[in-house]
Amino acid sequence: MTTTETETTTTPTIQKGFAGQSVPRKEDRRLVEGQGVFFDDVKRHGMGYLHFVRSPYPHARILSIDVAPALELPGVYGTLTGDEVAILTDPFFQIAAEPGGSMKDYALAVGKVRYVGEPVAAVVAETRELARDAAELVLVDYEPLDVVVDARRALDDDAPVLHEECGGNLTYEGVWEWGDVDQAFAEADHVVKISELHFDRFNSTPLELDGALAEYNRGTGQWTITTNNQFPGFAVIMMAPAMRVGTDKLRFVTQDIGGGFGNKITSHPQLVACCLLARKLNRPVQWTEWRTDFHQSMSHGNERWFLDTEVAVKADGTMTGFRTKALDDAGAYLRYEPLGGVIWSQVAAGMYGWRNIRLEFTQVVTNKAPCSPNRGYSRMQHLWFTERLADIVAQELGFDRVEVRKKNYVQPGQMPYETPNGCVYDSGDYPAALDLVLELIGYDTVEERRAEAASRGKLLGFGIGSTLDSGTNNFGQSQLINPDLQFSGNNEVATVKLDIFGEIVVTLGTTPQGQSHETTAAQVVADILGCDVDIVHVRAGHDSYWNSHAGFSGTYASQFAVTGLGAVKGATDMLADQMKTLASMVFQCPKEAIELADGFARIADNHEAALPFMALGAIPNANNAGFPVDPPPMNARFVYRPPFEVPDKERKFGNLTLTYSMQIHACVLEVDPETGVYELVDYAAVDDCGVRINPKIVEGQVMGATAHAIGAAMFESFTYDDEGNLLTPNFYDYHVPHTLDMPPLRTSAVESPSPFTPLGTKGMGEGGGGGIHAISAALQDALRAAGGAIVTDSHNPYHRVFEMLTHPDEARAKVEVSNR
Amino acid sequence: MTPTTSLFVKVSVNGEEYEREVPARRLLVHFIRDDLDLTGTHIGCDTGSCGACTVHLDGVPVKSCSVLAAQADGAEITTIEGLAGEEQTPLQRSFSEHHALQCGYCTPGMLMSATALLEQNPTPTEDEVKIALQGNICRCTGYWNIVEAVVAAGKGSA
Amino acid sequence: MLLREVSYARPGTVEEAIELLAQNDGARALAGGQTLLNVMKQRAASPDVLVDLGRLDELRTISVSGTSLEIGAMTTLTSLIRSSEVEVTRPILAEVAATVADVQVRNRGTLGGNICVNDPTNHFPPLLVALDASMTIAGVGGERVVSAEEFFVGVFETTVQEGELLTKITVPAAGKGTGDGMSGVTLGAHGTYIANAAASVVDGTWRIALGCVGAVPVRATSAEKAFSGDVDDASARAAAKGVGATVDPPSDVHASAEYRRSLAETSIVRAVLQANERARG
Amino acid sequence: MKLEGTKEFEAPREVVWSVINDPSKMAKTMPGVESFEIADDTHWSAKVKVPLGLGGLKMSIAFTKLEERPLEFASLNAKGQGVGALMNMTTSFTLSGEGEKTSMAWEADVKIAGPVGSMGQRVLQPIINQQVGNVLAALDTEVQAEKADAGG
């Protein structure tokens, strides 16, 4: 069961009307009646079904591909191979500078395969079953090559090289250093050393898999791609140059998307294959990815090692600095990477006051599925790391975990706080939020509960996971890893119009996957125009034809509440002004005299003089004769642009994100010392994302992030064997938590409005993996009574806990303390 | 009797009779989505694990990805499209009121499983709901609001 | 998703089914299909002919005859859970059935299917070995009855030959002095077993079977013999000790062989204590 | 996956050698062989249907003899291809012993890729262990038959 409470520290910056209320979602009606429109629900006459031929080898040379047997099968429309792709397209644009920048990545494998499940050919046939039959008939002759699976081996002299053109497996390396690290260590009273920490590989496994319906019009040379890609702005700049066409030739259409969590950003290679086949076969081509395909090939979360970490600590428990070597495993291709190499630095210091940081970031490729954004992208790994440091320092030096946090947290008085690398934490009271979560979970009774559990033979553990959810990217940060890139800032678009019968129609550039944009946008519009949410119609999904998108349009990186709603507010303010202007023309009064309320534009001190929205909408649209000047169009388009500077490339310094939501999670678990099996028995989470337009929707996001974290900590892992086979290729072995795996949950919220955003809102939703941090901490706490193993992995299935119980010294050996 | 790779299947779906010739290998879920164009029933895995494809087969919730269309010959099937008449059911309304859905992809399967539970047990406890929904994966909500919505709908109808 | 081409037949009688299985090369009985159809999606099995047993209501009966409980092979797990006969004669069957997968799977999945698949992680193979169940197999030449231990031959393999059909599972009814228990570790609540043990005691005589440690259920004979007189935590632990060393379990992503050996011993202790408590009534 | 073991035979080394060195005799020890062809004395191929209860796994396997030292050592590679599974096995036999007793130390490195390799993870090892057991038992039978022939 869940219980909820809310504390509001400050009143929001906008009037509370619909905003601030948990109004029911506009999306729900169609979705609970099975009337949603997901990409796979869309059909076209004569469309063919695409099935990919995938590599069974993690690393092999493709000697030959024979599609003839497939083409002979009745009902097969055609095929596509890597050789054709290499002729018809150019390699995808690479975000990386050298050496990663030389990588050649195509829609299908060309010459070589580099991970199990990599598409090597595609077949299109009359039915889904036939397409798979035909795919199984395609003969591919492979010459297997040695594989590298462990990132720590990828740079060895004898390691097999995935991309010869890159001259090795290194794709990016950079030293990120701020403050005076050497001095911090010189002045430290204690230095805690941790030889190895590992953040495991998993992803959010949205329930709907990737896919598209690609239609090609020979007359216009344009493709219409009905898909669930969640970042069309990115897909189009990847696809258009590769396909040697202008961006206008690629129309993206999305409506309902069955979850994304970042995992649906990098489907562009498969989309290109669909487009090429739609043109080649001159018929609509439909591709639906299946679960095993997705697990083997799509958007794994970055696996990261933290090696030779050292933390400088003063006698009073103040943590003054850390240095570490982060080794990031990008998998086989750099689809969105190496952006993970900079995104972490949005939260370089976590929630703490560390002023002296040195992090050597190295990214390598391995024979595993490509990594791409995944809920908490790159920051989650780093925040888990900073939380591990706090808990390990506390345990090894004998400090109280709560006190260490309160002492080292950035303090409310410091807000807005500039971090050592120039990021600005906009607002928040971290210590107060910690007190709140401790109260929710009954921290004062933990020791009693521990004793009671011990009487039942169980080891009880309590853990805290404090984490940040940085939202609204400054894409200028991409220049920190590749100075030649010409991206900076961010934007989002909305159009709002008053239509002929008085309806308000809103279109967005975003591609929601459950984030309820239709509802929250309507709430903002209704408050500004003084009308009911029911007359505000927000178009579902995204369509390039709406002219309501910009280069960064999409739904990713916790930003809608800032960029999306910022655009909605901007456009609605413009429309409101047009409506007042028009009303003032009709009433022959100054514009300032007009107010918008109760669905009317009326003279503020004479409510008799009122025009219904219908009348206003009709004038420019249908009844415009006799006006001395042109009536305003009742139609507004606004591009929201967050206030960003281009970061300093030399110092790697600057504000990389506009807002910093905060979550603190706390959990209590019980370990069975005989088996290593453990159960979450109590859980609480506090969220502060500034002004909440719709509290229930915000709470829903917190719950979702919590569930993902629990899954990642306990069950979910993309584990490969030494030979490069994925051992968890579907839900048989990749266990996703279900109802019975969920602990009781208490949530609470604090509202610290952002001073930097139009509505005082902050981006939120990703959640920063707070639960992973909390569960690692709680396990370490529980194990104190059984050998005192240190938790050095983010993923702790039963067998790993059993290892820690039976061989605690192996884990302890990774930690060393030196005192002055 | 000789085995065949194609056969006629007669089913009643949401009260409507359908007769189609289908390949013996076609799964019920593809038959419902692709042959009958009832796309409210979804697919989220390929191992019979996620429950997004849950429908009622002769009144019993089953995973339509783990049944051949041929096996359903002569059966009465209810899909998500068959739940609401003019009005939504109290359970559907409860899902909306309790924010029990985000992306909505698992929702049809959740509703079919929960509806079957409420038919047998009009006022289920929280634990009974969890057991009834264990075969339905949701990646957005963490289940808390879903369980709440079903319990509330039960209380409502009791 | 998406199966390879397969032929399908739906017999109306057991005789017809046996005929179809005997006369068609690569024919495979389709019971509930909850495992078979899904491994067919993965291409881990590709039968040429599916003989759908769905209409053989004669295989869906549950009855008590004399001192034994007779369960038709096509009895769904849901029916097991709801059966008063089962509740009265051998409740452990319903108790375990209720923890297999989920409601939808239990509505289609059958007891016969669960044991004919003989996936080493399945619940019923070790349980039925511990309960000393026997299986009735019908073929063109008539019926034969085998013990649970003889029944399980290998992974996905049983003694049921081409042209044969498992029709009935017979379990001795529990009398006074009988107690059954099953314990193990699963991947998530009610999930796939990582390791388990089923134990059954009848008037002080024990049968203990381990799951997930080999291709077929493994009798823990040393533990079975270890008990003399009162069973308590200490004697259960003593009995289980060393059993792990006698098995050769697989190592996989969920458990090393060493971990499975340890879980096997712990599971024995817990299953035995559960069974013992119930035997005492 | 690496497997190894030692198998004792009640037969002279010559007899054991003559069996493991004779593709057609070895074929009889393999599970579910449907057809068998010898290309030359170092290359042969087989079509097998590994008897899995769920319907059997069809594979065509190409064998290559890698090395042999008569009466002492032989090693061969087997590449199998079937829908859903790719197998690559390198195996070697080392014979020792005197008179009527022969001891065969064997090693096998089995790699299985493809959907079966990944899906069947939790069941694959028991399957392989069991199949190896069957092969060794069958090999013993062949050796005894050969011994009988030789003797008779």
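Modeller: Let's begin with Val404(A). Leaving aside neighbours within four places in sequence, Val404(A) is in contact with Gly317(A), Ala390(A), Val393(A), Ala394(A) and Phe399(A). Here, two residues are in contact if their C-beta atoms, placed from the backbone, lie within 7 Å. Before going on, keep in mind that this is a predicted model: local features need pLDDT of at least 70, side-chain atom pairs count only at pLDDT 80 or more, and totals for chains, interfaces and linings use all residues. Residues are numbered from 1 along each chain as its sequence is written, while chains are lettered from A and ligands numbered from 1 in the order in which they are written.

Val404(A) sits in helix α11 of chain A, residues 401-408. Helices (H or I, at least four residues) and strands (E, at least two) are DSSP runs, numbered from the N terminus. Why is Val404(A) called buried? The reason is that 22 other C-beta atoms lie within 10 Å of Val404(A). The rule is that a residue is buried if 20 or more other C-beta atoms lie within 10 Å of its own, exposed if 12 or fewer, and partly exposed in between, with C-beta atoms placed from the backbone. Tyr352(A) is 52 residues away from Val404(A) along the chain, yet their C-alpha atoms are separated by 10.0 Å.

Another helix of chain A, α17, covers residues 695-714. It has 20 residues and reaches 29 Å from its first C-alpha to its last, close to the 28 Å expected at 1.5 Å a residue; the expected span is 1.5 Å times one less than the number of residues. Of the 20 residues in α17(A), 18 are buried, so this helix is largely enclosed by the rest of the structure.

Burial leads us to the nonpolar cores. A nonpolar core is a set of buried Ala, Val, Leu, Ile, Met, Phe, Trp, Tyr and Cys residues joined through C-beta atoms within 7 Å. The largest one has 432 residues, and Val123(A), Val525(A) and Ile268(C) have the most contacts inside it. Helix α15 of chain A, residues 560-587, gives the most to this core, with twelve residues. Apart from it lies another core, of 13 residues, including Val16(D), Met26(D), Leu95(D) and Met104(D).

Now let's see how the chains meet. Five pairs of chains touch, and chains A and B have the most contacts among them. On this interface, 45 residues of chain B are in contact with 46 residues of chain A. On the chain B side, α2 (90-97), α3 (107-120), α4 (126-132) and α5 (144-157) each supply at least two residues. By class, that side has 19 nonpolar, 18 polar and eight charged residues. For these classes, Ala, Val, Leu, Ile, Met, Phe, Trp, Tyr, Cys and Pro count as nonpolar, Asp, Glu, Lys and Arg as charged, and the others, Gly among them, as polar. Within α2(B), Leu91(B), Gln92(B), Arg93(B), Ser94(B) and Phe95(B) are buried. After α2(B) comes His99(B), whose phi is positive, near 50°. Chain B and chain D, by contrast, do not touch; their nearest C-alpha atoms are 10 Å apart.

Chain B itself is divided into domain 1 (6-82) and domain 2 (90-157); domain bounds come from an automatic or database domain assignment. The C-alpha centres of these two domains lie 22 Å apart. Their contact takes 15 residues from domain 1 of chain B and eleven residues from domain 2 of chain B. On the domain 1 side, β3 (54-57) and β4 (60-63) of chain B are the elements that give two or more residues. The largest share of that side, three residues, comes from β3(B). By class, the side has seven nonpolar, eight polar and no charged residues.

Finally, two more chains. Chain C has twelve helices and 14 strands, and buried residues make up 63% of its 281 residues. In chain D, with four helices and seven strands, buried residues make up 36% of the 152 residues. Read from the N terminus, the elements of chain D run β-α-α-β-β-β-β-β-β-α-α.
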